Amino acid sequence: FKNNGVMRKGWYNDGYDWYMLDKATGIMKTGWYNDGHDWYMLDKATGAMKTGWYNDGYDWYMLNNNGTMKTGF
């Protein structure tokens, strides 16, 4: 919640990590998230946005510093 008691929604930074809070409910998202244009990986345990190389146990993905998944070569 914000200091004024309003529930946070959308992207949120706690000073260390970025999180995506559902725009309707404020519930923290986890796993792969698509904003309609880009893909992001949100840690399945903590919800924190991942950057750098990410392995889902099967495939490797490269995530930019802003969290967007790189595509192409």
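The dialogue below goes through the terms used for this predicted model and the values behind them.

Student: What kind of model is this, and how are its residues numbered?
Tutor: It is a predicted model, in which local features need pLDDT of at least 70 and side-chain atom pairs count only at pLDDT 80 or more, while totals for chains, interfaces and linings use all residues. Residues are numbered from 1 along each chain as its sequence is written, and side-chain values use heavy atoms, with hydrogens and water left out.

Student: How many helices and strands does the protein have?
Tutor: There are 0 helices and 6 strands, in the order β-β-β-β-β-β along the sequence. Helices (H or I, at least four residues) and strands (E, at least two) are DSSP runs, numbered from the N terminus.

Student: Why is Asp 43 called buried?
Tutor: Buried means under 20% relative accessible area, exposed over 50%, and partly exposed in between (1.4 Å probe, protein chains only). Asp 43 has 18% relative accessibility, so Asp 43 counts as buried. Asp 43 lies in the loop between strand 4 (39–42) and strand 5 (52–55).

Student: What makes the pair Lys 50 and Asp 43 a salt bridge?
Tutor: A salt bridge is a side-chain nitrogen of Lys or Arg within 4 Å of a carboxyl oxygen of Asp or Glu. For Lys 50 and Asp 43 the N to O distance is 3.2 Å, which is within that 4 Å limit. Side chains of opposite charge can pair when their charged atoms come close.

Student: What makes the link between Asp 43 and Lys 50 a polar contact too?
Tutor: A polar contact is a pair of N or O atoms within 3.5 Å; within protein, one must be able to donate a hydrogen and the other to accept it, and residues adjacent in sequence count only if both atoms are side-chain atoms. The side chains of Asp 43 and Lys 50 are joined at 3.2 Å, which is within 3.5 Å.

Student: Is Lys 29 buried or partly exposed?
Tutor: Lys 29 has a relative accessible area of 28%, so Lys 29 is partly exposed.

Student: What makes a residue count as touching Tyr 33?
Tutor: Contact means heavy atoms within 4.5 Å. Leaving aside neighbours within four places in sequence, Tyr 33 is in contact with Trp 11, Met 20, Lys 23, Asp 38, Trp 39, Tyr 40 and Leu 42. Tyr 33 is in strand 3 (residues 31–34), and its relative accessible area is 11%, so Tyr 33 is buried.

Student: How do you know that Thr 68 is buried?
Tutor: Its relative accessibility is 8%, so Thr 68 counts as buried. Thr 68 is in the segment after strand 6 (60–63). Not counting residues up to four places away in sequence, Thr 68 touches Asp 38, Trp 39, Tyr 40, Met 62 and Leu 63. The side chain of Thr 68 also makes a polar contact of 2.8 Å with the side chain of Asn 66.

Student: What share of the protein counts as buried?
Tutor: Of the 73 residues, 26% count as buried. The C-alpha atoms fill a box of roughly 45 × 25 × 20 Å, taken along the principal axes.
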